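Have the chain open in your viewer and follow along.

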Amino acid sequence: MCKKILLLGGSHAEIPLIQAAHELGWYVITTGNNRDGLGHAYADKNVFEDFSDHEKMLALAKAEGVDRVCSGCNDFALLSTAYVCEKLGLPGHDSYETSLEIHHKDRYRALATRLNIPTPKALSVHNAKEFEIALQTLTFPVIVKPVDLTGGKGVHRADNAEEARAAYANALSRTRKDYVVVEEFVVGTNHGFSAYLQNQKITFYFADNEQYFLNKYMVSGANTPTTTSVHGQKLLCEYSERIAKELKLVNGILHIQYIEKSDGTPVIIEICRRPPGDLYIKFVQYATGVDYPKMLIQAETGEACTESLPSLGTPPKPFLRHCIMAAQKGTVQDVTFAPELQKNIVEKFLWYKKGEPITDPLYYKAGIVFMKFTSPEEMQTLTEKMTDLVKVQTEMNCSLRITI
């Protein structure tokens, strides 16, 4: 009898997880509302349900008789996974309550403050009166964000009270909760930090430099090695283990987004226990040679990690993960790559369709490309020129610039 795993998700982001699960001998069932998700075709079976609905996921896991449940690259998927695993007594995940402590922004801010971990000064706002008090308490500029969403959805910077009130209305219209978070804006460079925990200690970590395009709150690319100092990376390891010990986290991923201030202090702005999207775990695999997707499947199924890991702090190879995004609305004709990039391209994963409309360039992606470099200097030089080297061609033969 084959062993079954239910994977909550089925987009392009979940493809490395599905492939890793197959390599480990699992029969994979994917789920989600998006029937057009590219990952579903890689699975053995698809059952299309809303993975943010805890009870539907519990009923699905029971109906399919699955042996394990795995989260996709989405916070709603992670929370449902934790809920189902807790109800069914399945291994590989923290309790549902612990998962809320990490994935809801207001609760994580409170946790970080309690553990003396650098985090933006923030206030939870439950009504208009509390919002006005927050504006008087915090220093502008501020960020207004839903507590439960990712990918920059509903997140806005406000430089004054008028902008803040508009941002508050937008965040409330998007969240599934009845409150939002308002926090002070932190100035610095943006980065990601992905660690693997074993017995609440880090056995592997990876750090990057993030890039943004039109949407300043959704990562459009990342390169590595990071520009964060060795000391800064050690601080992130220390903070991660402090959180893991406090919450008694199970083995597996702990992913962080942080802003490095000019004095080198890493300020954590987001944290999660599920894989990041846009094939990030494949980016880690390319840059380090470590089979990160397999490690995560093993963790979420309660199995021991079998991967041979490098020594902590071993620098990765210079690599770039680049999301191909358009600069404005239009109709897609093609995506072109400059000839001088051919030596750097390791893999193109393209899903755009000729003639499809770009209605929202803040979120539209034509695909993802992975690139390798001979040195960090070459990587940085080409990253800065990527808007000229990779382009989306439109129906009027007008190049829509894209960046990382």
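**Spaces inside the fold**

H5 supplies the largest share of the second largest cavity's lining, with 3 residues. Helices (DSSP runs of H or I, at least four residues) and strands (runs of E, at least two) are numbered from the N terminus. This is a predicted model, where local features need pLDDT of at least 70 and side-chain atom pairs count only at pLDDT 80 or more, while totals for chains, interfaces and linings use all residues. Residues are numbered from 1 along each chain as its sequence is written, and side-chain values use heavy atoms, with hydrogens and water left out.

A cavity here is a set of points, on a 1 Å grid over the protein atoms alone, where a 1.4 Å probe fits but cannot get out; lining residues have an atom within 4 Å of a point. Points are joined across faces, edges and corners, and a volume is the space filled by probe spheres set on them.

Back to that second largest cavity: it holds about 40 Å³ of space. Besides helix H5 (105-114), H4 and strand E13 (266-272) each give at least two lining residues. Among the residues around it are His103, His104, Tyr108 and Glu270. The lining splits into 3 nonpolar, 2 polar and 4 charged residues (nonpolar: Ala, Val, Leu, Ile, Met, Phe, Trp, Tyr, Cys and Pro; charged: Asp, Glu, Lys and Arg; polar: the others, Gly among them).

Now for the largest cavity, with about 130 Å³ of space. Of its 15 lining residues, Gly92, His93, Asn251, Arg273 and Glu300 are the closest to the centre. H10 gives the most to this lining, 3 residues.

Terms used: On a 1 Å grid over the protein atoms alone, a cavity is a set of points where a 1.4 Å probe fits but cannot get out, and a pocket is an open set with protein on both sides within 12 Å along at least five of seven lines; lining residues have an atom within 4 Å of a point.
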